[in-house]
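Entries follow in the order I made them.

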Amino acid sequence: MCKYDIMRVWRIGYCIRTGKQIPFNPAQPLSKDAYYEWNKWENMYYSENYCHKTGENSFGKTSMRYPILHSDYENKDNFRRDSRFL
C-alpha cells in the first residue's frame, strides 16, 4: 500500500446515525440527510448508533458531542453548522 492509499483510507468516515460511508470529519459526523434530521433539535448529546472513525456499532455511546468511540475527541459548545448543508 503506497502512502497515497494510506492517506485516502484515513479520509473515510461513517455517519454516526446511519453507518453510511461519508468523508472523515469529526466536526460533521452525519450524512446530509441525518444532519437535517439532527438539526431540528440540535441535541449534542443525543445517542447515535455508529462510530464516525470505524463504523462499528456504538450501542448509543456516540453523539455529535462525542462522535468517535473510545476517544477523547469532543465537539465543543461553540459548534458551528457545516456550511455544506446550509
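Entry 1, ground rules. I am working on a predicted model, where local features need pLDDT of at least 70, side-chain atom pairs count only at pLDDT 80 or more, and totals for chains, interfaces and linings use all residues. Residues are numbered from 1 along each chain as its sequence is written, and side-chain values use heavy atoms, with hydrogens and water left out.

I took a salt bridge as a side-chain nitrogen of Lys or Arg within 4 Å of a carboxyl oxygen of Asp or Glu. By this rule I get 4 salt bridges.

Glu48 is in strand 3 (residues 48-50) and Arg17 is in the loop between strand 1 (12-14) and strand 2 (21-23), so the pair ties together parts 31 residues apart in sequence. Strands here are DSSP runs of E, at least two residues, numbered from the N terminus. For accessibility I used buried for under 20% relative accessible area, exposed for over 50%, and partly exposed in between (1.4 Å probe, protein chains only). Glu48 is buried at 1%, and Arg17 is buried at 19%.

I noted Glu37 as partly exposed at 33% and Lys40 as exposed at 58%.

I found a salt bridge from Glu74 to Lys76 at 3.9 Å, N to O. Glu74 is partly exposed at 27%. Arg65, Glu74 and Lys76 are linked in a network of salt bridges.

Note on methods
Helix = DSSP H or I, 4+ residues; strand = E, 2+ residues; numbered from the N terminus.
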